[in-house]
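I opened the notebook to record what I looked up in this structure. The entries follow the order in which I checked things.

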Number of protein chains: 4
Amino acid sequence: MLILFRADASSTDEARAVALIEELGLAAQPIPGLRRRAVVVVGNDGRADPARFATLPGVEEIVPLSKPYRMVARDWRPEPTIVSLPNGLSVGGPDLFIVAGPCSIETYQQISATAAAVRAAGATAIRAGAFKPRTSPYAFQGLGRAGLELLEVVRKETGLLVVTEAMDDETFDEVAAVADVVQIGARNMQNFSLLKRAGRSTKPVLLKRGPAASIVDWLMSAEYVLAEGNPNVILCERGIRGGDSSTRNIFDLNAVAAVKQLSHLPVMADPSHGTGRRALVRPMARAAVAAGADGLLVEVHVQPDQALSDGAQSLYPEQFALMMEEIRGIAAVIGRGLPKSVAGSG
Amino acid sequence: MLILFRADASSTDEARAVALIEELGLAAQPIPGLRRRAVVVVGNDGRADPARFATLPGVEEIVPLSKPYRMVARDWRPEPTIVSLPNGLSVGGPDLFIVAGPCSIETYQQISATAAAVRAAGATAIRAGAFKPRTSPYAFQGLGRAGLELLEVVRKETGLLVVTEAMDDETFDEVAAVADVVQIGARNMQNFSLLKRAGRSTKPVLLKRGPAASIVDWLMSAEYVLAEGNPNVILCERGIRGGDSSTRNIFDLNAVAAVKQLSHLPVMADPSHGTGRRALVRPMARAAVAAGADGLLVEVHVQPDQALSDGAQSLYPEQFALMMEEIRGIAAVIGRGLPKSVAGSG
Amino acid sequence: MLILFRADASSTDEARAVALIEELGLAAQPIPGLRRRAVVVVGNDGRADPARFATLPGVEEIVPLSKPYRMVARDWRPEPTIVSLPNGLSVGGPDLFIVAGPCSIETYQQISATAAAVRAAGATAIRAGAFKPRTSPYAFQGLGRAGLELLEVVRKETGLLVVTEAMDDETFDEVAAVADVVQIGARNMQNFSLLKRAGRSTKPVLLKRGPAASIVDWLMSAEYVLAEGNPNVILCERGIRGGDSSTRNIFDLNAVAAVKQLSHLPVMADPSHGTGRRALVRPMARAAVAAGADGLLVEVHVQPDQALSDGAQSLYPEQFALMMEEIRGIAAVIGRGLPKSVAGSG
Amino acid sequence: MLILFRADASSTDEARAVALIEELGLAAQPIPGLRRRAVVVVGNDGRADPARFATLPGVEEIVPLSKPYRMVARDWRPEPTIVSLPNGLSVGGPDLFIVAGPCSIETYQQISATAAAVRAAGATAIRAGAFKPRTSPYAFQGLGRAGLELLEVVRKETGLLVVTEAMDDETFDEVAAVADVVQIGARNMQNFSLLKRAGRSTKPVLLKRGPAASIVDWLMSAEYVLAEGNPNVILCERGIRGGDSSTRNIFDLNAVAAVKQLSHLPVMADPSHGTGRRALVRPMARAAVAAGADGLLVEVHVQPDQALSDGAQSLYPEQFALMMEEIRGIAAVIGRGLPKSVAGSG
């Protein structure tokens, strides 16, 4: 932590800061030769809270010299985390993890037909919401438990893994009992009660980035899960809010590439929410893989025009199949691939 | 709802949309004379979901012709909502509701001294967190129940109302048992499980705007609470995320003025989080009142440099007293004031 | 400048950076006791370019320890700059500088009637564009020279000062010959050729903030003008781009309060562009003055529904008169006022 | 254009709007059956300015039913524009246009060596600035004319095309005399005087997206160039400003995919400015091609740590060569390629 003083700060101001540092049992090292006074706090293990110093007279700014996250950092663990999943699958290794399906579970026919279609095209997991966070209280809120039961049926039918969202503490256990990966949605990225609950589970957690979250905020939310004891976190970029109505969101693929360097955790990307428009999903799915994403979360629906939610961004199964072919080609260029058994079934 | 087609859409494309509208039991009215085809859906009561039409061939865009929110709208209720509080106080009428106190409850001495100071300066309620949502799992997370107990003590000592945050379903009842107004924090603005829980209570709810929430999203979250049966919602602007490190947030006072026109609900403002820097709190508190805010939420701490959270944006009691004097003057210019009994005690 | 290394950087990496610092004739001071290597560049007068160090092996980040701007900073000049204007007026002192008028000059009748109306209500200057930057090539681009001539006529009629925009080098002299204050518009905030041209003039320059400019970028653009020799810069906040269609822009009053602390230059605010909606102009004009703005730029039109540009945000003269009354009250609360002679004529 | 009234608007309000429409010689068509009054303006050829209607009593909102841009739209010209360049090259067809080189021209040695290196790796044009727009007046502003002369020398040496920036009217002709493609930089995207100047030229123009520009604003700026008579516009995404310091900008590849659908113009991408960090350039260059970009603009420098500007985002020649290999592979997956003669020389 570096304390920068205002140009007109006095030696008394500096002495006050140094006294506080030493009171906390830490060492203060002034930096000479600058245009203004500056003091480094040496050996800070968290005892020195930046806010305490920011409020001292004469202090202009506190510059952090270490990152606020620990366990999620590459510094903490240099080799990449590979999250193991059932069926011999994993996320974070050379093989891409492709999760596809409808936004919401609606009927047995819908989910079963979609599951069969995405499996045929090479997906290894199905995504579909039983509990749905919706901006409007009047919008379809999901089938709830009945939806979870349909997911179990479909898993047996197809062998696909199941990725589905938990919205609160109350339903976390129910969801985790069915899901192979529990999703925490973008709007709950800083629902710290839910993050702690997920951290006390051992189920892999897919943590979506909040629509306004900085990369650091996102990593801090992952840190909550790891700090509670669950190391199986998969990050997922899904678009951030921007000022342009031509696309629903800004799909921040820079974040995918940046997080691969800052953290050892796997990072997936969701081009469906990331773009909000069906016609952009395929090019941006390709782009996500080219940028280094460890997998994709894609909305596919057998009848998008009948979908109870997010139909406008859902692919038709044949579009998804085309997308998978292109993905396979791009993965090969950068030394990655699709899981063999599944690729074989495509 | 207005369906706009692409310039190259065919009469078949238009006929398909009309057929779907009629299938839903609604009327379709094509608009002639434009450069491209356009059809209005007449009498839509929610049956026609925009997403279903957005996915039809030839359709370029769906333009909503009604607002997504209902009960929170001025159209629904033209006169302003005045939320009644204990002690004969209220929010949304001519008197401003001034809530001040530390970010977190730390000790009896801290909260008691701060409460006495803000009361002396004219505040009518104390704000202080017992359960604290923190970006970092390693930051102080609040005293929890012990904090709630201290709030009860302080209320007895000072007569101040209590505003404090509920973070989840699990602790909502505990918080509501103590609070006169239950706060839902910015990061939980779209925690729909918590919103529904608050909607089943009768306690007034202070709903902070999320750091990336559009005004419509914010009103939709208020709609969740009203739709469940609780009409006592107070909105609170607290700054949105922007691209500038010179201030922690962008304090969006346009939103205060805009919401006063779109909705009948009272709107407060939090210049402490809205600016993130102590030196900006006083001018922006004045600006918020001048813009028409129905009240203020301000961080005050007897020893900001000892605060366990957000010290850098907390006012010293004497700064708060100066702020109150200025607020009083500005309120008078626009025909508003501070509660009489409290103003008298200042 | 502080060089922060990656956690896995070697002593060779550090030595390489130190060698480069010394090669530039500067001193390197390593900081011990941190979790990672860090070196301060002492005595940097600009010779050490951050980019050169950012690219060295093992370097993670360069932290600037001084501000990039100089002459605009409070550190450079502690007392506020008061820009002197004709008629004994000025900006940056206790009196507010109120500039009002239509977006564009359209006809003699329009500009003359509007000028008379805003003068009667207490404005001290007229604003109106002869050269108009418009997003669309098909929109009205201004009357050009003919417009400047009308401004001269109106100045004689009313005694109001003239504020009008220069869009390029080519027309700068023509505009400066008529204007008492030359405006540089938001979209030209980083038109460095134009900034340099304005810096070689002695006319006061009103520099609007770009729609995405950080506060630092804005100050750097002002620095261009000062560095060329013109100290008479007036900053003007006019709203930044945000993600919400409920208001055209986000009116960033935090920036007004923050710039008053960072810089000695006067700062005005434009609530018309800042909000984009007539109904929000009056509350936000009040808020701007309450936040500490040194003046206002407000769009007023005698017939807003006939305006060739920006009619939707223009006030009617009677609304402007009401606004002026409120402004006068709020100014008094914070120890400011309107120019006496003009206030007398109101 | 659709006029939406407030819920409490009267029949008089509606009649007033209809009268104004008819006064303009256009037809008004009211839409029955909605919750509020709505009137469509039929046959509007631009005579009805939205702002005039937005200000009428009772009007809440004006919904545009046509796009503000014309000549740049796919509707106007369904087939893609292929901009022809010297040497039998072009942009917008199946072959990618790869432009690489240093941010600024510094010395003959630097530009000559970099040109040779990027040509060997397969680039078909060199990029390098002679006139440099810099945020700081104290930063290196480019070699000016001497830089242009060096570009001519290098073109003769290597056969590479030259892409370089014009900053103002004054130097446009000088730049255009040397450049094969004249760049208009991001900060000048709404410098309308410069856009008009470029429109009166026949030189191909590379128009970078402004750091806060919406897609529509960007297309409108291209419209300025086309409207003046120059059809040879190449768009270039280069990152927009976001709230995250982990990456310098947000590289908005959604915009590339979206613009390919909205417009017939070619769209390139600049992953160097789009990311601001060398380590992200290669993955994001791959992503841009995968998303459908028609070419790349990449900063390469033989000695990035000696660069006078933007060194931190410049690739070493060997990194660029690796990037080109990957690009070639990804292009093949989506049916595109590199120019044959050049690919052969790689």
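**Entry 1: the model and chain A**

I note at the start that this is a predicted model. I checked its extent along the principal axes. The C-alpha atoms of chain A fill a box of roughly 75 × 45 × 40 Å. Next I looked at burial. Chain A has 346 residues, and 60% of them count as buried. I then took the contacts in chain A with a separation of 6 or more. Residues 24 or more positions apart account for 67% of these.

**Entry 2: chain B against chain A**

How many residues does each chain give to the contact between chain B and chain A? I found 39 residues from chain B and 38 residues from chain A. Helix 2 (50-54), helix 5 (169-178), helix 6 (192-199) and helix 7 (215-227) of chain B each give two or more residues to the side that touches chain A. Helix 7 of chain B has the largest share, five residues. I sorted this side of chain B by class and got 17 nonpolar, 11 polar and 11 charged residues.

I then superposed the copies. A rotation of 180° with 0.0 Å of shift along its axis puts chain B on chain A, with an RMSD of 0.0 Å. The two copies are therefore related as by a two-fold rotation axis. Which residue of chain B comes closest to the rotation axis? It is Ala212(B), with its C-alpha at 2.6 Å. I also compared the two sides. Of the interface residues of chain B, 97% are also interface residues in chain A, so the copies meet through the same surface.

**Entry 3: chain D against chain A**

Here 30 residues of chain D are in contact with 30 residues of chain A. I looked up which elements of chain D take part. The largest share, eight residues, comes from helix 10 of chain D. By class, this side of chain D divides into 17 nonpolar, nine polar and four charged residues.

The same surface serves both copies, as 100% of the contact residues of chain D recur in chain A.

**Entry 4: nonpolar cores**

I looked for the largest nonpolar core and found one of 387 residues. Leu253(A), Leu253(B), Leu253(C) and Leu253(D) have the most contacts inside it. A second, separate core has 40 residues, including Ile21(A), Val39(A), Ala312(B) and Leu34(C).

**Entry 5: positive phi**

Most residues other than glycine have a negative phi. I therefore noted Asn87(B), which has a positive phi of about 65° although it is not a glycine. Asn87(B) sits in the loop between strand 5 (83-84) and strand 6 (90-91) of chain B. Is Asn87(B) buried, partly exposed or exposed? It is partly exposed, with 14 other C-beta atoms within 10 Å.

Conventions
Residues numbered from 1 in each chain as written. Chains lettered and ligands numbered in written order. Predicted model: local features only at pLDDT ≥ 70, side-chain atom pairs only at ≥ 80, totals over all residues. Contact = placed C-beta atoms within 7 Å. Helix = DSSP H or I, 4+ residues; strand = E, 2+ residues; numbered from the N terminus. Nonpolar A, V, L, I, M, F, W, Y, C, P; charged D, E, K, R; others polar. Least-squares fit on C-alpha atoms with pLDDT ≥ 70 in both. Core = buried A, V, L, I, M, F, W, Y, C linked by C-beta atoms within 7 Å. Buried ≥ 20, exposed ≤ 12 C-beta atoms within 10 Å, placed from the backbone.
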